[in-house]
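Let's take a look at how this protein is put together. Have the sequence and the 3D view ready, and follow along.

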Amino acid sequence: MPTYTFVVNGKPVTVDAPADLALLWVLRDKLGVRGPKFGCGIGVCRACTSHLNGAEIQPCVTPVAECAGQEVTTIEGLASGEDLHPVQEAWLEQDVAQCGYCQPGQIMAAAALLRTKKEISDEDVDRIANVCRCGTYFRIRQAIKSAAAKM
């Protein structure tokens, strides 16, 4: 079985896995990283959204082979030590979460957007296509705008 070495949340890891095994299962089952959630397995719901070298990805459709030598960040690695990322702070301030299942993916998508775009419009926020079954979209929008203002 092939071996892949990459960085997860700032720590180097090496895993034995088939090349086509979805990164989501490597993170959850082999590395015990539980933040990215399984929702659909086809990259549509985006509950698993994480970052690969700072860019948004859906680990449920990203083969582990594509991560070799790269840096993966999940919700667990977004904060800087005890200091929450501005998007995480805004999520708490706006009381976004209900059930919480989609929240890691929502936060990671917002953080990726704000990394590349400091001034955002409603259209920018609308392009974040993560599904929230509880329907907290209004609070999600408010949190993203609040985080953008702080950044």
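## The largest pocket

The largest pocket holds about 170 Å³ of space. Here a pocket is an open set of points on a 1 Å grid over the protein atoms alone, where a 1.4 Å probe fits, with protein on both sides within 12 Å along at least five of seven lines. Its volume is the space filled by probe spheres set on the points, which are joined across faces, edges and corners.

Of its 14 lining residues (an atom within 4 Å of a point), A47, Y101, C102, V131 and R133 are the closest to the centre. Both domain 1 (3-77) and domain 2 (86-150) give at least three residues to the lining; these bounds come from an automatic or database domain assignment.

The centres of the two domains, taken over C-alpha atoms, are 21 Å apart. Domain 1 puts 16 residues into the contact and domain 2 puts in 13, with contact meaning heavy atoms within 4.5 Å.

Together they bury about 1,200 Å², 60% of it on carbon and sulfur atoms. That's the accessible area (1.4 Å probe) that the two parts lose on being put together, summed over both. On the domain 1 side, R46, H51 and I75 lose the most, together 42% of what that side buries.

## About the model

This is a predicted model: local features need pLDDT of at least 70, side-chain atom pairs count only at pLDDT 80 or more, and totals for chains, interfaces and linings use all residues. Residues are numbered from 1 along each chain as its sequence is written, and side-chain values use heavy atoms, leaving out hydrogens and water.
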